[in-house]
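Have a look at it before reading on.

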Amino acid sequence: MKTLKYISSRVLAIAALTMVFAMPAKAQMTDNGYANIDWQFNFPLSNNFADKASGWGMNFEGGYYVSPNFALGGFVAYHSNHEYVGRETLPTGENGSLNTDQQHTVFQLPFGLATRYSWNRGGSFQPYFGVKLGAQYAQLKSTFNIFEANKDTWGFYVSPELSFNIYPWAYGPGLHFAAYYSYATNKGNLFTYNVDGLSNFGLRVGIAF
């Protein structure tokens, strides 16, 4: 958790500096290129392992408009959700058990293809609808006392989103806002807990180039 906090702080600082130094540049990377760096907050849905809402996430995306309104690109994101679980007895093998409280963590790392269809390109307000497709690595982790148990999983990832960019200045980067839903087919078991798919609703705020 401390590592993710450190990474998020460093990335946000770099993003802020990028925004300052990019002010003399055009509002977008090129006439047809785009990129955005976002902080994200998510709400897990139907997740019985770690279901607390969290702001421990970032999203990075870039691409190119292959037509006046349609763009193709790539993305990578990460998010971490946590939940405290009170003391209970857990099986540790055929004849063993453990009585302890736990800190549960679900870490998600999706990446792949990003698509978007935009309206009013070139204007100060540019709404768009996007879909992300790809793979997702996820880790289920339980921390108890000085010990840790984890399970690594892979799945297929899909995420539609409604978004818009605002360019309040004639030159320089803009602001990016998005609301998204994501679903991944990751499955895994840890102790008596079972995860069969990971879904989230989330919000993103960031910088658009």
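What follows covers some paired strands and then the cavities.

## Ground rules

This is a predicted model, where local features need pLDDT of at least 70 and side-chain atom pairs count only at pLDDT 80 or more, while totals for chains, interfaces and linings use all residues. Residues are numbered from 1 along each chain as its sequence is written, and side-chain values use heavy atoms, with hydrogens and water left out.

## Strands side by side

Let's start with β5 (residues 125–144) and β6 (residues 147–166), which pair antiparallel over 20 bridges. Strands here are DSSP runs of E, at least two residues long, numbered from the N terminus, and a pair needs at least two DSSP bridges. One of the bridges links Ala135 to Phe156 in β6. The hairpin has 2 residues between its strands, and Asn145 takes a positive phi near 50° there.

On we go to β7 (residues 174–190): β6 runs antiparallel to this strand, with 8 bridges joining the two. Here Ser163 sits opposite Ala178 of β7.

## Spaces inside

How many cavities of 30 Å³ or more are there? The count is 2. A cavity is a set of points, on a 1 Å grid over the protein atoms alone, where a 1.4 Å probe fits but cannot get out; lining residues have an atom within 4 Å of a point. Grid points are joined across faces, edges and corners, and the volume is the space filled by probe spheres set on them.

The largest cavity has a volume of about 80 Å³. Its lining includes Gln40, His79, Tyr157 and Arg204.

Technical notes: Helices (H or I, at least four residues) and strands (E, at least two) are DSSP runs, numbered from the N terminus. On a 1 Å grid over the protein atoms alone, a cavity is a set of points where a 1.4 Å probe fits but cannot get out, and a pocket is an open set with protein on both sides within 12 Å along at least five of seven lines; lining residues have an atom within 4 Å of a point.
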